Amino acid sequence: MNGNDATVYNLEQHTPESVITVAVLGAESTGKTTLCRDLAAHFDNLWVSEYMRTYLQAKWDDEHLTCTWDDLLPIAQGQIALENKLAKQVTQMSNKNRYLFCDTSLFELMVYSHWYYGDCPVALEQAALAHHYDLILLTEVDIPWVADDLRDSPHQRDEISAYFASQLSKHQKPFQRISGDRKERVQQVVTQLADIDNISPDQS
């Protein structure tokens with residue numbers, strides 16, 4: 001399956017040096033989007049939505065079809081294009097702290113590709129492993145599963161979460177587990193970012 005010609009896809013990450021990026025990963029319905037929204041509101045910064053949901057919701061609404069192998073690269077392209085666009089916008093904000101909270105990343109798409117297909121397009125995997133985030137968060141499975149048109153694994157969240165952790169460790173991507181209610185989760189990230197700010201040079 002790795003024979004796909006991916007040369008037409010630009011999957012390069014373009015993050016200005018002054019922007020601190022936070023990637024929020026995890027199994028479905030574990031509060032990733034809520035956490036990104038809450039963090040963006042707390043810091044008055046921007047967050048990147050999960051392009052895959054927009055893409056697949058449109059496919060479901062228009063054709064009543066779900067994700068296939070051929071959707072992976074277009075989804076990856078849309079995700080990183082959105083991230084790059086918003087990263088640039090962050091530099092134009094007047095905030096002292098320039099954070100960008102990413103509701104998923106190409107790493108998550110890579111993990112799901114291996115989970116569902118046992119393989120991953122070469123261009124996607126190379127990009128996913130090359131991309132850098134200043135803080136990677138893994139949301140724990142400690143909130144109720146909520147059904148929607150796209151979610152399909154209410155009984156596999158623990159297994160998928162463990163797979164995420166194993167893949168992050170395998171590829172030497174340091175991460176922090178995030179758990180608790182909404183306020184507790186935000187406070188945990190605030191603490192993590194304070195540590196990053198203390199060791200990061202002033203690039204304002």
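Q: How many aromatic pairs does the structure hold?
A: This predicted model holds 8 aromatic pairs.

Q: Why is the pair of Phe-43 and Phe-101 called stacked?
A: The ring centres of Phe-43 and Phe-101 are 5.9 Å apart, and a pair requires centres within 6.5 Å. Their planes stand at 25°, and planes under 30 degrees apart count as stacked. The pair of Phe-43 and Phe-101 is therefore stacked.

Q: What makes the pair of Phe-43 and Phe-101 a tie between parts apart in sequence?
A: Phe-43 belongs to helix α1 (residues 32–43), whereas Phe-101 belongs to strand β3 (residues 99–103). The pair therefore ties together parts that are 58 residues apart in sequence.

Q: Which cluster includes Phe-43 and Phe-101?
A: Phe-43, Tyr-99 and Phe-101 are linked into a cluster by ring pairs.

Q: Why does Phe-43 count as buried?
A: The relative accessibility of Phe-43 is 17%, and buried means under 20%. Phe-43 therefore counts as buried.

Q: How do you know whether Phe-101 is buried or exposed?
A: Phe-101 has a relative accessible area of 0%. With the cut-off for buried set at under 20%, Phe-101 is buried.

Q: Why is the pair of Trp-115 and Tyr-163 called tilted?
A: The planes of Trp-115 and Tyr-163 stand at 50°, with ring centres 5.4 Å apart. Stacked needs planes under 30 degrees apart and edge-to-face over 60, and the rest count as tilted. The pair of Trp-115 and Tyr-163 is therefore tilted.

Q: Which helices does the pair of Trp-115 and Tyr-163 tie together?
A: Trp-115 lies in helix α4 and Tyr-163 in helix α6 (residues 157–170), so parts 48 residues apart in sequence are tied together.

Q: Why do Trp-115 and Tyr-163 count as partly exposed?
A: Trp-115 has 23% relative accessibility, and Tyr-163 has a relative accessible area of 21%. Partly exposed lies between buried, under 20%, and exposed, over 50%. Trp-115 and Tyr-163 therefore count as partly exposed.

Q: How many cavities of 30 Å³ or more does the structure hold, and how much space lies in the largest cavity?
A: There is 1 cavity of 30 Å³ or more, and about 50 Å³ of space lies in the largest cavity.

Q: Which element gives the largest share of the lining of the largest cavity?
A: Helix α4 gives the largest share, 3 residues. Among the lining residues are Glu-50, Met-52, Ile-75 and Gln-79. By class, the lining has 4 nonpolar, 3 polar and 2 charged residues.

How values were computed
Residues numbered from 1 in each chain as written. Predicted model: local features only at pLDDT ≥ 70, side-chain atom pairs only at ≥ 80, totals over all residues. Heavy atoms only, no water. 1 Å grid on protein atoms, 1.4 Å probe; cavity = no way out; pocket = protein on both sides within 12 Å on 5 of 7 lines; lining within 4 Å. Points joined across faces, edges and corners; volume = space filled by probe spheres on them. Helix = DSSP H or I, 4+ residues; strand = E, 2+ residues; numbered from the N terminus. Nonpolar A, V, L, I, M, F, W, Y, C, P; charged D, E, K, R; others polar. Phe/Tyr/Trp six-rings, centres within 6.5 Å; stacked < 30°, edge-to-face > 60°. Buried < 20%, exposed > 50% of the residue type's maximum accessible area, 1.4 Å probe, protein only.
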